[in-house]
Amino acid sequence: MSDVRGERGARIGVGALGLAGLALLLAAALLAPGGAEGTVRTAVACLAVLVIPGWLVGRLADEDADALSRQLGGTVVTLAVLAVCGFAAATWSLRVATAAVAVPLLVLVAIAALLGTAAPGIRRAPLAPLVGALALGATALLGAMGTHLALPAAPVEPAFSIEAAHAVVSPTRVVVTVTVTRVRTDEPTQLTLYVNLPPPVAVALVAPEQTTVRLAARLPAGTSCRSALQLRVVASNGAFLTPPVTCVGR
Amino acid sequence: MTAPAVTATPSADLAHGERRRFAALAAVFLASGILLALAEWMAARGDGTGHFYVFWFGYFLVTAPVAWLLVTDRTSAAARGSLVVALGIWSLAPTLLRTGNHPLFFDEFSHFRMLQDLVRTGHPVGRVGLLQIGANFPGLELVTSGLYHLSGLTLWISALVIASVAHVALLAGVYVLVRDASRSSRAAAIAAVVYSLNPSWLIFDAQFSYETLALPMLVWSLVFALRGARRREPGTPTRARNVQIGLAAVLIAGLVVTHSVTSVVCAAALTGIALIATLQHRGVLRTEVTTSPLIAWCLAAWSVGLTWWRFTEVGHPLVVYLGPTFHFSQQLRQLLSLFGVGSSLPLHSAFANSSAPRFEIVCAYLMLPVLLVAFVWAVWGLLGARRGLTPLVYVAGALGVLFFASLPLASAVAYSEAVHRSWAFSFLGFAVVLGLAGGLALDGRLSLTVRSRRLWPPAERWRRSLRPGIAACAVVVAIGSVSLGSSTAYRFGGTVAPEVDPLYAGTQTTMVARWFAHHASAHDVVFANRFVIRPIAIASHVHVVQPGGTEVHLLLTLAISTDELFAYRTDRVTYVVYDRQTGKIGHVKAWYWYVPSDSLLPKDARGTPHIARLSCLNWLHAVFATSDYEVLRVDRPVLAADLRRGVTGLIAGCPERFGG
């Protein structure tokens with residue numbers, strides 16, 4: 001009598017888990033992202049994608065009542081199903097988005113739950129080893145990531161950037177406005193402007209907090225916007241800009 | 001009332017003991033995680049070699065007690081499985097500490113860009129410049145996009161979750177595979193420990209890359225295939241068997257759309273299993289018949305057929321990608337050169353310019369003889385007990401042999417990466433063979449004899465010194481494999497270094513990537529070296545120049561011709577990004593720009609960059625620069641006009657006046 005009751009109870013349990021899986025999948029597909037609803041959606045979707053289908057599928061192939069192999073083997077199968085269905089959807093020119101994931105998972109959960117309720121003799125797998133493994137592993141990751149947050153390990157590289165979208169050239173003058181950003185450096189300390197070849201036509205000293213530098217000079221004799229004109233801004237370390245020229249005036 | 005109290009006391013003590021052991025383990029796992037993070041922090045600060053010692057202390061703080069608990073006979077089967085999974089989760093820490101909130105490793109950028117394109121367009125992208133072949137095996141991206149769409153997690157967190165689940169499932173799969181083959185959780189635990197010594201396991205097979213998903217698919221397809229093909233008593237219900245065969249078939253199909261080489265290994269392994277099962281069935285091997293040849297052949301045919309179909313579908317890109325690896329005449333040349341016949345291929349040293357401490361390098365070389373001795377011992381021992389061996393063991397033996405066969409090619413520049421990647425499969429062979437032999441040895445059921453002289457089990461006086469010896473060998477293999485498997489730049493952060501993967505990523509690459517995110521569109525095509533292009537490609541929607549063009553000649557040739565510049569027009573290049581540090585530290589390599597070998601460049605284009613001309617072309621405008629990087633915009637109408645006129649657009653006298 002007790003065996004029969006146990007088997008019946010297991011079938012009811014599998015059926016309930018299958019229904020829960022279907023409900024969670026629908027909830028994940030329908031809940032909005034962001035805010036509290038988004039947090040619920042994330043938790044629900046992780047259960048619906050990575051846990052419940054895997055458990056239901058793994059249970060069918062597990063003869064040792066081992067929760068670990070049930071869950072992890074089943075989850076890998078679930079991922080394979082997603083890969084195959086996504087690939088098939090893409091091959092048939094369907095958009096690989098929520099529906100292409102949710103529909104195969106719904107079918108998978110339904111089939112696994114139906115087979116599970118019909119399958120006799122599948123033993124209950126104690127969850128304690130799985131929970132213990134997760135707890136130990138999570139402890140290590142918690143220690144690592146907690147320390148990592150307290151002692152950030154990303155080295156910050158002192159660097160600057162200069163930018164000039166274009167140079168403005170009038171019949172007599174040339175003006176280049178350079179935007180400067182810095183990260184833990186005082187560079188560039190100087191910007192030099194050339195028109196075509198050396199010598200330079202303007203030099204600007206750049207203060208450490210200065211973010212915009214305007215370089216202006218008279219056009220050298222014999223040069224004009226009509227001729228091939230190349231402007232060059234060179235920083236103290238050799239970084240250079242050769243912005244395109246915009247001609248103004250006649 | 002007293003009787004139950006008396007009988008309850010031992011179980012209460014036991015439970016108390018279990019709780020204390022669990023608490024001690026939790027403390028050890030926590031401390032190890034803290035030490036690993038501390039090592040990463042010390043490395044980033046540029047602390048000499050202290051971080052190596054902290055790392056190894058943190059590493060062995062977990063692996064030593066876990067390995068001991070896994071092997072000792074006092075541990076229950078359930079606890080062993082639990083420890084294997086905990087070890088798998090713990091092993092995520094080094095990679096997670098290193099990558100953090102964004103992709104960092106070389107392959108991660110490629111897969112992440114493919115994932116971004118998939119999510120944006122709804123279809124796997126046919127061709128991308130970062131990883132040609134990856135676009136044809138989009139399983140990882142499809143799965144990750146599935147989690148992203150349903151969960152609302154960020155793309156990168158979705159990627160980390162999938163990679164982490166797959167990484168843990170891999171070790172658990174090895175455990176289950178050997179437990180099924182041996183019916184011993186102790187042998188399975190040894191196998192899991194051996195697999196965790198695989199050089200790729202700690203970093204490479206934990207990153208967001210297709211191998212990370214493909215390997216557990218391979219292992220679990222073997223698990224379900226072998227369960228499905230297992231011979232059973234007549235009258236046993238067939239439902240479980242049918243489900244297992246079905247699951248194996250699904251996994252094989254998933255594998256075929258996820259990774260090319262792993263699909264081939266799966267097909268070869270299943271064919272090998274079917275062949276051995278047939279030989280067993282016909283009595284050729286004089287062993288117990290454990291596997292149904294019919295089912296094994298069906299699954300092998302399914303795997304071979306699907307792999308063949310996919311390879312035929314992909315076609316040319318696969319030949320281009322895998323062709324050099326399977327250039328057998330070159331492999332033969334390298335092998336013959338070891339015996340003094342002919343010249344060897346270009347070689348590189350495994351630890352050239354490495355900052356790894358001496359003990360790591362010594363262990364890396366020492367692990368090879370240690371593995372050879374262990375493998376020979378295990379195979380020899382298993383041959384003596386071959387009556388009960390499953391076909392898996394023969395296939396695993398063949399995989400293990402491939403490790404040693406691959407070693408002569410490991411030092412050849414052309415093959416070293418492929419050889420490294422193959423060790424994930426070879427170690428599967430080691431794990432099975434050493435796990436089974438180790439399990440038998442611990443149970444006292446393994447014997448080795450030479451001319452009726454017993455070598456194993458060893459004499460009583462040797463046994464006491466044997467255990468520390470085996471532990472020392474395990475330590476050597478652990479240190480050696482980690483240092484051989486990933487460069488120190490992969491394992492630890494440090495000061496930014498150009499053209500060193502992944503240390504090139506820093507403030508400046510972020511600046512350049514952000515600039516592209518703000519200024520470039522999906523119509524832009526960028527030509528840059530294989531390093532800086534990665535942060536750019538994931539920060540913006542720009543396209544990457546397909547490898548193989550002559551764009552790089554502009555940087556490297558002594559004199560540029562108009563013919564070489566046509567590539568900029570035909571590839572529709574709109575931006576050029578250049579690292580001014582190129583050539584200032586070490587030699588310039590053609591592969592910085594996806595050219596496989598320097599010999600493929602013109603003779604005047606080897607070794608020295610000629611960058612002054614970049615600032616002297618009338619069709620190229622530097623619009624953004626960082627301390628070391630230049631972002632140049634191509635004026636396409638001017639370039640087209642220059643090419644029509646047959647000129648390069650170089651301003652006369654400019655390169656000479658601005659730095660030659």
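1. Confidence. This is a predicted model, and its scores are ipTM 0.92 and pTM 0.92. For chain B the mean pLDDT is 88, with 94% of the residues of that chain at 70 or more. Residues 1-8 of chain B have pLDDT below 50, and beyond near neighbours in sequence this stretch makes zero contacts in the model.

2. Form of chain A. The secondary structure of chain A consists of five helices and nine strands, and in order from the N terminus the elements read α-α-α-α-α-β-β-β-β-β-β-β-β-β. The radius of gyration of chain A is 33 Å, whereas the globule rule gives 18 Å for 250 residues, so chain A is more spread out than a compact globule. Along its principal axes, the C-alpha trace of chain A spans about 110 × 45 × 30 Å. Of the 250 residues in chain A, 43% are buried, and among the contacts in chain A with a separation of 6 or more, 61% are between residues 24 or more positions apart.

3. The contact between the chains. Chain A contributes 83 residues to the contact and chain B contributes 90 residues. On the side of chain A that touches chain B, at least two residues each come from α1 (2-30), α2 (35-61), α3 (67-91), α4 (98-118), α5 (128-150), β1 (159-163) and β8 (240-241) of chain A. The largest share of that side, 16 residues, is supplied by α3(A). Sorted by class, the side of chain A that touches chain B holds 57 nonpolar, 18 polar and eight charged residues.

4. Strand pairing across the contact. The β1(A) strand and strand β6 (residues 620-626) of chain B run antiparallel and are joined by three bridges. Within this pairing, S161(A) is placed opposite T626(B) in β6(B). As background, strands of a sheet pair through backbone hydrogen bonds, either parallel or antiparallel.

5. The open sheet of chain A. Four strands of chain A form an open sheet in the order β5-β4-β7-β8, with antiparallel pairing; β5 and β8 of chain A are the edge strands, each of which pairs on one side only. Between strand β4 (residues 190-195) and strand β5 (residues 202-205) of chain A there are four bridges, and here L191(A) stands opposite A204(A) in β5(A). Between β4(A) and strand β7 (residues 231-235) of chain A there are five bridges; T192(A) is opposite V234(A) in β7(A), while V195(A) has L231(A) as its bridge partner in β7(A).

6. The turn between β4(A) and β5(A). These two strands form a hairpin with six residues between them, and N196(A) in the turn has a positive phi of about 60°. The loop between β4 and β5 of chain A also holds P199(A), which is joined to P198(A) by a cis peptide bond with omega of about 10°.

7. The nonpolar core. The largest nonpolar core has 289 residues, and those with the most contacts inside it are V174(B), A191(B), L251(B) and V432(B). Helix α7 (residues 155-182) of chain B gives the largest share of this core, 18 residues. Leaving out residues up to four places away in sequence, V432(B) touches L177(B), V178(B), A181(B), A191(B), L392(B), V393(B) and A396(B).

8. A buried glutamate. E360(B) lies in helix α15 (residues 358-384) of chain B, and E360(B) counts as buried because 20 other C-beta atoms lie within 10 Å. Apart from neighbours within four places in sequence, E360(B) is in contact with F52(B), I479(B) and S483(B). The C-alpha atoms of E360(B) and G480(B) are 5.9 Å apart, although these residues are separated by 120 residues along the chain.

9. Other backbone details to check. Most residues other than glycine have a negative phi, and most peptide bonds are trans. A65(A), in the loop between α2 and α3 of chain A, has a positive phi near 55°, and A65(A) is partly exposed because it has 14 C-beta neighbours inside 10 Å. R183(B), in the loop between α7 and α8 (185-195) of chain B, likewise has a positive phi, near 55°, but R183(B) is exposed, with 12 other C-beta atoms within 10 Å. Finally, a cis peptide bond with omega of about 0° joins D501(B) and P502(B), and P502(B) is located in the loop between α19 (488-491) and α20 (507-519) of chain B.

Methods. Residues numbered from 1 in each chain as written. Chains lettered and ligands numbered in written order. Predicted model: local features only at pLDDT ≥ 70, side-chain atom pairs only at ≥ 80, totals over all residues. Contact = placed C-beta atoms within 7 Å. Nonpolar A, V, L, I, M, F, W, Y, C, P; charged D, E, K, R; others polar. Pairing = 2+ DSSP bridges. Core = buried A, V, L, I, M, F, W, Y, C linked by C-beta atoms within 7 Å. Rg over C-alpha atoms; globule rule 2.2 N^0.38 Å. pLDDT = per-residue confidence, 0-100.
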